[in-house]
Each structure stands twice: as C-alpha cells, then as structure tokens.
Amino acid sequence: MKKKNLLERAMKDINKAKVVSFDVFDTLLLRPYLTPTDLFLHIEKSKEAPFFREARIESEREARKRNSQREDITFDDIYEEIDFIFKPLKQVELDFEMSVLQQNPEMKKVWDYAKSENKKIVIASDMYLPTEIIAEALKKNGFFDYDRIYVSSELGKTKSRGSMYEHIIKDLNVSPKDILHIGDNKHSDYIKAKLYGIQSILYQQVSKQFIEQSTRIKSFKKKAKLDLGKSILIAILALRWQKKHLGMLDADYWGDIGYDYAGPVAYGYTRWISAEAKSENINNLLFVARDGYTLQKVYSTFDTKIKTNYVYAPRLLNLTCRLDYAKKNIKHSSLIIDYFSEIDSEIKKTAQTSKLETWSDYHEFIQENKSLFEKSASKEHLAYKNYLLNTVHDKNKKFGIVDTITGEFSSQKLIQNTLEMTTLGFYWSVIKIKGQRQYDHKMFRSNDISENSWNNIYTKNWDFMELLLTSPELPIKRMALDGSPIYDVTPNESEIIRSKIYPTISDNAVSFANDIKYVFNNVNIYLTPSILIEWVNCFIDKPTKEDIKSMENIKHASDSGHQNHIPLFSTKIPLSYIFKHPKNALNIVKKLGWRTIPQSTAICVTSPLKIRMRGLRMIKILIFPKLKNRYFTLSLNISENCYFQVIVGNEKEN
C-alpha cells in the first residue's frame, strides 16, 4: 500500500479545525544545514571571523542565563552579550538567515489547502529573531496573508512551556479542539499542544526523512566528522530529494548522478581553483578538454572575474606534434606511427614493409625515418599553435591550466611549450612518477607519498570521476590546420553511449551550482576534497539495484587510444556467452566492482572456501571470501601469535 503524503494525512484534521497553526523553522521554512548552529560556522568561515560560532552559542547561553525570569530572549539580548569584535556580524547573521531560508514545498501544499478551505491561519514560533524578520522571510518564500503571527521573543511566551498555546486560545477566542498545530519539535509542537487540548501533527524534518530512506546517506553522515561542507551537502540534496518525492522534478537516473555527484565534485574543486588562481594573479584559466568541460561551466556560475577558455590538449598531440615519447614505451611509439601512417603515404608504405614487434623496432623505425616524421609533426604543431593563439588571443597573460589528475603533465607541457611561456597547473592531485619532470602546479588533494592510498586521494574508482567530469564530445584524433578538433568518426560504442548520457549529467551538475548560488548568494559552501572523496566512495561502496542496472552498459577506455573498453562497475553477460565460455564469464564477473545477486552467487559457488594457515597456531577459515562485504567473524585469540578465525565474507573489513 502506498504511504500517504503529508497533505493526504493532514486533510481530515484540517477539515475539522477552525484554526490551523504552523511552526516556522524546519516546518514552513528550511535551513540548508543539518544543525542550526552550522549557520554561525558558515558566517565564521565566509567572513574570516575565527571562533564566531563558539562565541555566538555562548552569548545566547549567557543571555538566557541573565534573563532567566523571561521565557525567551531577543536577538538584541544575544548581541548584548557577545564579544565586541563580533558585534558587526549582527546584521550579517540576519542577512544570512534571509538568504538561506527556503520554502518547504511539502508544507506549502498543506498551507494552500488550509487557505482553500477558508481556515484561519496563524504562525507560532519559539524564536529569538524579530517578528518583522520572520514575517519577511515567510513572505519571500510564499507564506503570507495569515491572520496572526506569534513569536516568543516579543510575546514573552513559548510553546515549549505551553504559555503561547494558552495565549493563542484566549487571543483567538476559540476552543482548543478547534485548533490544529503543525510543527517538527516533539516536545514543543506536539506534546505541549496536546496537553492544552490542541490537535497536533508532528512533522519530521526533511533532512531526517532524507537520511532515513538511504543507507548511503546514513553511512556518509556517520563517517568521520560532520563538518560544515558535509552538513550543507546533505541538506541541499535533501531539498532536491523532497522536490523529486513531491513530483516537482522530472530528474532521471543520470540527472541524479549529475546533481548529486558531478555537481558537488565540480563545485568544490573549482571553488578551490578560483581562490588559488586569484592568490596567484592568474589572468586566464584554460580548462583542458575533455575533463574541463563541466568544470568551466560550474566555475562560471560563481566567478566571472578571471577569463576562462576551454582548450584541447589531448595527450596524443604531445606525441604527434613534438614526437615526445619514451623510447621503451611501445604504446607511444606505435601510436605515433599509426597516426602519421593515416596522413602520410610514404610513412604508411615504409611501415607496411618493416618488421615492427618490439619497442626497439618501433623506436628505430621512427629514428631512421626521423625527417619524415619531423616534417609531418611540424605541420601538426603549427596547426595546434594557430588554434591556441586564436583561442586565448593574448599570450602575455598569466595562464592557469585546469585538469583533473596527471602524472606526465602532458597537457600543461604541450600548452606551455606551444605558447612558449610558463604556466601554473591546477590538478585534483598528481600521480608521482619516479624520474618524471614536474611542471609548476597546485593540488586540490595533496598526494603525500607516505599516505600511499588511492582511496583517499583519487577515490576508489577514478574512472567514475572521469565519467562525472568529462564532456559529450567524442575522442579527438587530430587537430585540423585551422586549429579545430577532428573527432573520431568511428568511435567505440562505449564512447557513443557516454556522449548520449553526459549532457544530462553536465546540465544537472550546473543546476547544483546554480542552486548553491541562489540559496547562499554565491557564498562558498566549503566542500573539501576529503568530503567529496568520502561522498563518492559511499556511492561506490553502496550501490543500489538501480545503480547496478543503469551502469551495465557504461565502460571506460583502458588505453590512451580509446580502443579498449572495460566495465566501469557492472555488466550484463548474455546467457549464450556464459554457456559457451563459462570460465571467461566467471573471470569477467570476478573483476567487476558491482555484481548482481546471480553473479555474486556464481562467485560464491565457485569459490566457497579458503583456508590460510601458519602452522597450527594461526588459522583463518574464509567462507565465501569473494563476497564484497564481511558479514560475520568468529575469533578465538589465545595470544598474539596464536589465534583461530572463521570469517564469512570478505577477509578485508569494508
């Protein structure tokens, strides 16, 4: 049976009532934080006012202590107690409240129904803010034309003690049973209302509803520390989830991926880039294709002071324009030969009559025909240089190169050498390669070699991050003489699938950034790399059935030539293939990050037991060790060097 929504549950009570009373905060209006005091922390960070949050909480505590004879205090009382260095933030706090408070669309439906039934509507709030501020926030969010507003700070009576309900009954001259009150606080809005004979509906906060319905969100909230960025991210996603739940949004699976994951990742990363670029006096940011496509769009939602360009600098061009390859890297040298064989008949003819098997064969072939390769390469390089100059126009500016991860600095190297000027690279992180020259750069997530953990730097599956931060374009084969990219006209089917789903991902990532701009008036929300990595890893660790199904056809290129593609997370294996090639099918399943129930069952059946022994003193019995998670552990520890364990599921803790 379908669960009734709030309006359906409230209609009967509204019909019986003469007066409908609404709480304000977390009922009619929603703050985009999991904890109300996070608003103070947001002010502290955005206004660079260290310790404001603690001072603001303490000043409210002191104001209540000093005015203990009154049921509630005022906003002025709080700022009378605060340290003088924070007094200028009084108006800032009011401005923040007015900016971030959002309409609760679920409650707006209830409000509108009560209005349509000609019920008397009143507002009842236990709050220190002035009545006019609350009234203005309500009006801004579509709640107006009510009959009375009761605010504890000015009335001197509270719902929490019940005196406000007593006042409302007398003021309206109605019987308590004719009043229906709706609010989120169990004590103040439900229990106390009931004690005064008022009918009440206890409303569950939107963020709590959101967290309860998702094991992924629960896990994310519990992991590590709940800081400001995490608080805001969960609350913003809860607001969108509610709109979807109410049928106000038509987002599909890929739209959700874009908003929930690509949006936060791109926003947090580009906010950092913006701050760093300004500190380095960068005049122009070059967002490198394809990873820079959505990054540039998201960046442009909050920063228009630094000029940006979307530029092509594929790794292949370093090989073909500059013949810059490692002689023992057969992939590089073969790509160079294959590339120029397509556009130079002489190279093609010579290659066809040459024995090319080992890296030395390829390297010697290039060196023996160096003049032919250099002639073609110089044309390619000139075409690329013309393209860059036509794109960036002024090469005297200080350029920043924006990419995601790098090890060889191929894009930065290509652009810097082509423009013949120094650049500063901005990267999510940098893979440390022994002996590799590092160009001037900054990292969003520092790669401390002592940490040596991909999971905490690049997430548990960086290929998923590349899906989030790519573009709808097909792979580039070369640059034309006029500087325009020439795309692969016969791309792999996996690339075509990506190009079809990605516009939806990108558009919704930008929607996330625009929502942040609207709610917070362009103030940063402090999505740190640790938060974003943790959030993405929660997605990877806890797939739903919909995730596994939707990702079945999504593959990523395992080579720079975009020819070999492997499953990103999951894949569907036809029964005909399983019957013909059972061993191959099983090997494919073993390598999958996500498996269906039948696939997991097949793994368990074929690998039911494993025993690890170090003599008779240290024994581990692993039951179904190929399962992704561990489900049961029985240990008998006699000493540090003598123990017996029985483990059901994965040996490693998840």
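This is a predicted model: local features need pLDDT of at least 70, side-chain atom pairs count only at pLDDT 80 or more; totals for chains, interfaces and linings use all residues.

Residues are numbered from 1 along each chain as its sequence is written, and side-chain values use heavy atoms, with hydrogens and water left out.

**Strand pairing**

- Strand β10 (residues 399–402) and β12 pair in the parallel sense over four bridges, where pairing requires that DSSP finds at least two bridges between two strands, and strands themselves are DSSP runs (E, at least two residues) numbered from the N terminus.
- Within this pairing, Phe399 has Thr423 of β12 as its bridge partner, and Ile401 stands opposite Gly425 in β12.
- β12 also pairs in the parallel sense with strand β14 (residues 441–443), over three bridges, and Phe426 has its bridge partner in β14, namely Lys442.
- β10 is joined in the parallel sense by strand β8 (residues 284–288) over four bridges, with Val402 of β10 as the bridge partner of Phe287.

**Burial of the strands**

- Strand β12 (residues 423–427) is largely enclosed by the rest of the structure, because five of its five residues are buried, that is, under 20% relative accessible area, as against exposed at over 50% and partly exposed in between (1.4 Å probe, protein chains only).

**Surface charge**

- Lys583, Lys590, Lys610 and Lys626 gather in a patch of positive charge on the surface; such patches are made of residues with over 30% relative accessible area and no salt bridge, like charges being joined within 9 Å, and a salt bridge is a side-chain nitrogen of Lys or Arg within 4 Å of a carboxyl oxygen of Asp or Glu.
- Lys590 lies in helix α27 (residues 582–591), helices being DSSP runs of H or I with at least four residues, and Lys590 counts as partly exposed at 34% relative accessibility.

**A helix residue**

- Ser163 is found in helix α9 (residues 163–172) and is buried, with a relative accessible area of 11%.
- Ser163 and Ile43 are 120 residues apart along the chain, and their C-alpha atoms are separated by 33 Å.

Terms used
Patches are made of residues with over 30% relative accessible area and no salt bridge: like charges are joined within 9 Å, nonpolar side chains (Val, Leu, Ile, Met, Phe, Trp, Tyr) within 5 Å. Accessible areas come from the Shrake-Rupley method with a 1.4 Å probe; for residues, only the protein chains shown count as cover. Lys and Arg count as positive and Asp and Glu as negative; His and the chain ends are not counted. The place of a charge is taken as NZ of Lys, CZ of Arg, CG of Asp or CD of Glu.
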